[in-house]
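Let's take a friendly walk through a protein model, from the contact between its chains to a sheet and a single residue. Keep the picture open as you read.

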2 protein chains.
Amino acid sequence: MPAALPSAARPSDETLIARRRALLGASYRLFYDRPVHLLRGEDVWLFDADGRRYLDAYNNVPCVGHAHPRVVEAVSRQMATLNTHTRYLHGAILDYTERLLATYPAGFGHVMYTCTGSEAVDLALRIARHETGGAGVVITRNAYHGTTAVTAGLSPLLGPAVPLGRDVWTVPAPDARLGAETGARLAADIRAAFADMRRHGVRPAAFLADSIFSTDGTRPEPAGFLKPAIEAVHEAGALYIADEVQPGFGRTGGHMWGFSRHGIVPDMAVMGKPMGNGLPIAGVALRPEVAERFGREVRYFNTFGANTVSIAAATAVLDVIETDRILARVDASGARLMAGLRALAERHPAIGDIRGAGLYIGVELVSDGAPDGGLARRVVNAMREGGVLIGASGPADNVLKIRPPLTFSAAHADLLLESLASALGEALSEEG
Amino acid sequence: MPAALPSAARPSDETLIARRRALLGASYRLFYDRPVHLLRGEDVWLFDADGRRYLDAYNNVPCVGHAHPRVVEAVSRQMATLNTHTRYLHGAILDYTERLLATYPAGFGHVMYTCTGSEAVDLALRIARHETGGAGVVITRNAYHGTTAVTAGLSPLLGPAVPLGRDVWTVPAPDARLGAETGARLAADIRAAFADMRRHGVRPAAFLADSIFSTDGTRPEPAGFLKPAIEAVHEAGALYIADEVQPGFGRTGGHMWGFSRHGIVPDMAVMGKPMGNGLPIAGVALRPEVAERFGREVRYFNTFGANTVSIAAATAVLDVIETDRILARVDASGARLMAGLRALAERHPAIGDIRGAGLYIGVELVSDGAPDGGLARRVVNAMREGGVLIGASGPADNVLKIRPPLTFSAAHADLLLESLASALGEALSEEG
């Protein structure tokens, strides 16, 4: 177990930052004004080089907690036994796939595996284009769907230097201020986008969205608003791809999959980040009929995708989700957090809105009613100094992003609320 | 240590094959007419469910051998300590990057990390397009460069159901029968492709090739033939991307990188498969000036790319390559294999050509001078039944592909030669 580094042995943060810039280049960015130098993780805790402890309220990848012993053991054992690919027979991938599909609605029948969410979105789109014969995709205006050439082209979040694909149309994110009309508006926007696409001679292939619109500032309510959207997608002859990389594996509470909150059944669902608790495994779950022609005509092989070690990790994650009743815990601690945030909002007019589901929560910060990205940044950095790690997101970077490991408890929620209250006070007084 | 499965507990291969088809879909293919059900690996050996041992002469991913104790230990330790991403400070990624760059020619300064070779090729192309402002790519006629939408579009190997990119031009693979003219011909073909591209209004971005043209049937000779090619690429204003996913990390002998055999220095080099001995890590090494604008304008984040566990694996691989003098072993066992294959060819007119470098060797099988893919298939399957695993490749699937872990020894080479001699005899008699 690594304790703190003795200060003589410890490089200064400045040295590490300069080496990073020299070795990895300018595309690599760090979190926080004063980046954190982490050495160890355990459940919801992270420890820096000084031995200082941080409450992790940001990382969704270690969904069952950092260094979960069951995952560590499964990976270590399989590493020592066999690590190979899917062109040999092996039972574990089949057992895992059966268990995973059992968490999906009836009709889902196949899983295809990749290493990253980007690769999985990219594959889902390859399938959708192959099956529909179309190319056009509709996404929301500040979406993020990955980092391959095609998925970066589906990610307006990355900014104007990264061009959107020529076959990509965008629609405004759903707006809960429309209440019961939220779904009708989104569906109308999707219909208009597909119509405009056809007017340009581009045949529709897919609509792609995550069910909480995470980079659009977190937009989960009112649950059910995706029902009219999926109708509009099917009317256009396109496939509905649910990006479950963020909401999946219980993150949004109550269900394993975010689309279930809306009572819809997509054509494909893309899974990623938390799937292996940090081992690179991701995939596409689908109804067999939507990949029938693709399967017949196109072979698919991903060297590391679903290798025997990744499958061991993913299996251990499912085990823990079941035995530790993770879904119920998400509901309980998510509710506690939401209640605490609402109480805090009553004292702080800078909290303009709180939007969330389960343990994916966005807290919008405003000044005089307008988004205040600067305030969000000061709050995030003050909390980091206070030992709690969160982030900020949304088109104006003013939405605090709270997305802890799913083992987050009521006590952890209280700690976070305390830290947020104090950081808000500090950040607001700095401003004045 | 898993022994053989007791036969009562062991599902039949037919059951596993049927479950695979049902759960993973038709895109998933298996090796061999009678697929192998593997349970354990150790160095160059793989063990099936009956406890039967196979000599692995095919898998390049476990480059320092299956389940190498040093890699297992490094991964297990880091899993239990911390597995997180590149937006926090951590020393190990910097130490690893320095060591990796020290194996490159002067001028290489950055490494950017992904999880898979496909993602790395995809990223290299994003960079090339961003920097040159062009889109056009030249590749060889039976190339394979990946499985994302864009890299599958650079992979004619995948067959006619997978469309090449609109901005992709192909040239014939280098042909050693031209002797000293091989390089001049390739360069002329590349020049013509870039000219035709410009004639269509498409601006050049990159030439992309691996230095042994693995899926074009293995074409390593005469070493140096890429020198005129790189001049032609630069004349066109394009960047030369070396796909080192196959040749890299010492595979082709003598050097860490395949391009060094040709005495060239590419603009970017893409690494993958063997980098983490099976942990999903890959990347792009580059000269900083070719990514200057990209770095300034585009942020890059790959959630699992170069996570602390993958870096631990990759570091252990470099350790073993150095301490076990792997490069020298590749030279020795590669030479032994080549000599043995040449001796075999004198007795077997079905061996039309032997082409290889280090431990990447192609053995072309012919009947009456024409490529014989059926014969190659019978040989590969007969060797599998005899306990030696190889594959077949090339545009006519008639080139036996021998590509073992780099710890392959002279004794292993002899075993393979014996198995090949016997399989050839068997396959030829079947034919008659």
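This is a predicted model: local features need pLDDT of at least 70, side-chain atom pairs count only at pLDDT 80 or more; totals for chains, interfaces and linings use all residues.

The term stands for a side-chain nitrogen of Lys or Arg within 4 Å of a carboxyl oxygen of Asp or Glu. Between chain A and chain B the count is four salt bridges.

Residues are numbered from 1 along each chain as its sequence is written, and chains are lettered from A in the order in which they are written. Local features need pLDDT of at least 70, side-chain atom pairs count only at pLDDT 80 or more, totals for chains, interfaces and linings use all residues, and side-chain values use heavy atoms, without hydrogens and water.

How many residues does the contact take from each chain? Chain A gives 94 residues and chain B gives 94 residues, where contact means heavy atoms within 4.5 Å. About 8,400 Å² is buried between the two chains, and carbon and sulfur atoms give 60% of this. Buried area is the accessible area (1.4 Å probe) that two parts lose on being put together, summed over both. A:Tyr88, A:Leu89 and A:Phe304 supply 11% of what chain A buries against chain B, more than any other three residues.

## Two copies, one axis

## A sheet in chain B

Chain B has an open sheet of seven strands in the order 4-10-9-8-7-5-6, with mixed pairing. Strands are DSSP runs (E, at least two residues) numbered from the N terminus, and two of them pair if DSSP finds at least two bridges between them. Strand 4 (110-114) and strand 6 (168-171) stand at the edges with a single partner strand each, so one side of each has no neighbour in the sheet.

Strand 9 (residues 268-271) and strand 10 (residues 282-286) of chain B run antiparallel, joined by four bridges. Here B:Val270 stands opposite B:Val284.

## A buried threonine

Is A:Thr218 buried or exposed? At 4% relative accessibility, A:Thr218 counts as buried (under 20% relative accessible area; exposed is over 50%, partly exposed in between; 1.4 Å probe, protein chains only). A:Thr218 touches residues including A:Phe213, A:Arg355 and A:Tyr360.

Key. Lists of a residue's contacts leave out its neighbours within four places in sequence.
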